[in-house]
Amino acid sequence: LFFSILSFVAQAQNLSLQELVNRKQFPEVLARADSLTAADSASYTTMSAIGQAYEGMFRYKEAYTCFQYCLSMDTTNVDALNALARAAINYGKITEAKRCYGKVLESDSLNFYANNQLARLYYQLGDYDKSMDHYRLPYEKRRYEYADRIGTVYPCYGNQSGEYPCGLFPD
């Protein structure tokens with residue numbers, strides 16, 4: 001029973017840290033972080049909230065370290081990969097950011113956030129072709145999937161060719 005109560009208290013503290021982050025009360029989160037125990041750092045939720053608070057305070061080195069730790073807990077966590085990549089860009093670790101976004105896109109090539117962030121990054125680096133590839137890919141894939149769904153529900157009168165309905169999404 002005692003351990004159940006401790007677990008509940010730890011979960012309540014994690015939630016309150018995230019709530020503080022959501023309210024952009026970053027100094028309060030970091031003040032509470034100073035009083036956490038080593039066991040608290042084993043919580044992904046706690047470390048993610050602390051990383052977000054550091055990021056909100058423009059302390060990107062510390063945010064990067066927190067998000068690295070979060071990723072070490074679950075190397076396939078898309079949110080951790082995106083957060084680490086975002087902090088890496090702000091910390092100046094461009095190669096690491098590309099690697100993290102690349103891992104996200106390996107599992108979901110249409111991930112909007114990763115594609116958008118990579119497009120912005122390549123644009124800032126002056127690689128406009130790669131930038132446009134990352135902007136274009138999710139749009140192109142999704143527009144045809146969407147058109148396929150519309151075409152099965154709202155076919156154009158006289159459209160026997162199986163083309164997209166009514167000239168929707170012309171090339």
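## Burial and overall make-up

Of the 171 residues in the chain, 35% count as buried. The model is a predicted one. Its accessible surface amounts to about 10800 Å², and carbon and sulfur atoms contribute 55% of that area.

The chain contains eight helices and zero strands. Considering contacts between residues at least 6 apart in sequence, 39% of them connect residues at least 24 apart.

## The pair α2 and α3

Helix α2 covers residues 26–33, and helix α3 covers residues 44–56. The two pack at an angle of about 130 degrees, and their axes are 9 Å apart. The crossing in which α2 passes α3 is left-handed.

On the α2 side, the contact is formed by Phe26, Val29, Leu30 and Ala33, while α3 supplies Ala49, Ile50, Gln52, Ala53, Tyr54 and Gly56. Sorted by class, the residues of this contact are eight nonpolar and two polar, with no charged residue.

## The pair α4 and α5

Helix α4 spans residues 60–73 and helix α5 spans residues 78–91. Their axes lie 9 Å apart and form an angle of about 155 degrees. Since angles over 145 degrees count as roughly antiparallel, α4 and α5 are placed in that class. The crossing of α4 past α5 is left-handed.

From α4, the residues that meet α5 are Tyr60, Lys61, Ala63, Tyr64, Phe67, Gln68, Cys70 and Leu71. Their counterparts in α5 are Ala80, Leu81, Ala83, Leu84, Arg86, Ala87, Ala88, Asn90 and Tyr91. The residues of this contact comprise 13 nonpolar, two polar and two charged.

## Arg86 in helix α5

Arg86 belongs to helix α5 and is one of the residues that meet α4. Its relative accessible area is 25%. Arg86 is therefore classed as partly exposed, because the buried class lies under 20% and the exposed class over 50%.

Setting aside neighbours within four places in sequence, Arg86 is in contact with Glu55, Phe67, Tyr101 and Tyr113. Of these partners, Phe67 is part of the α4 side of the contact with α5, whereas Tyr101 belongs to α6 and Tyr113 to α7. Arg86 and Tyr60 stand 26 residues apart along the chain, and their C-alpha atoms are separated by 9.4 Å.

## The pair α6 and α7

Helix α6 comprises residues 94–107, and helix α7 comprises residues 112–125. These helices pack at an angle of about 150 degrees, with axes 9 Å apart. The angle means that α6 and α7 are therefore roughly antiparallel to each other. Their crossing is left-handed.

The α6 side of the contact consists of Ile94, Lys98, Tyr101, Val104 and Leu105. The α7 side consists of Tyr113, Ala114, Asn115, Gln117, Leu118, Leu121, Tyr122 and Leu125. By class, ten of the residues in the contact of α6 with α7 are nonpolar, two are polar and one is charged.

Ser107 is also found in helix α6. Its relative accessibility is 56%, and Ser107 therefore counts as exposed. Ser107 and Val78 are 29 residues apart in sequence, with a C-alpha to C-alpha distance of 8.8 Å.

## Two loop residues with positive phi

Lys24 is located in the loop between α1, which covers residues 2–22, and α2. The phi angle of Lys24 is near 60 degrees, which is a positive value in a residue other than glycine. With a relative accessibility of 61%, Lys24 counts as exposed.

Phe58 occupies the loop between α3 and α4. Its phi angle, near 65 degrees, is likewise a positive value in a residue other than glycine. The relative accessible area of Phe58 is 63%, so this residue is exposed.

Methods:
Residues are numbered from 1 along each chain as its sequence is written. This is a predicted model: local features need pLDDT of at least 70, side-chain atom pairs count only at pLDDT 80 or more; totals for chains, interfaces and linings use all residues. Side-chain values use heavy atoms; hydrogens and water are left out. Helices (H or I, at least four residues) and strands (E, at least two) are DSSP runs, numbered from the N terminus. Buried means under 20% relative accessible area, exposed over 50%, partly exposed in between (1.4 Å probe, protein chains only). Contact means heavy atoms within 4.5 Å. Accessible areas come from the Shrake-Rupley method with a 1.4 Å probe; for residues, only the protein chains shown count as cover. Axes are lines fitted to C-alpha atoms, for helices over the stretch in contact, and angles run from 0 to 180 degrees between N-to-C directions. Angles under 35 degrees count as roughly parallel, over 145 as roughly antiparallel, 65 to 115 as roughly perpendicular and the rest as oblique. A crossing is left-handed if the near helix is turned anticlockwise from the far one by less than a right angle, and right-handed if clockwise. Ala, Val, Leu, Ile, Met, Phe, Trp, Tyr, Cys and Pro count as nonpolar, Asp, Glu, Lys and Arg as charged, and the others, Gly among them, as polar.
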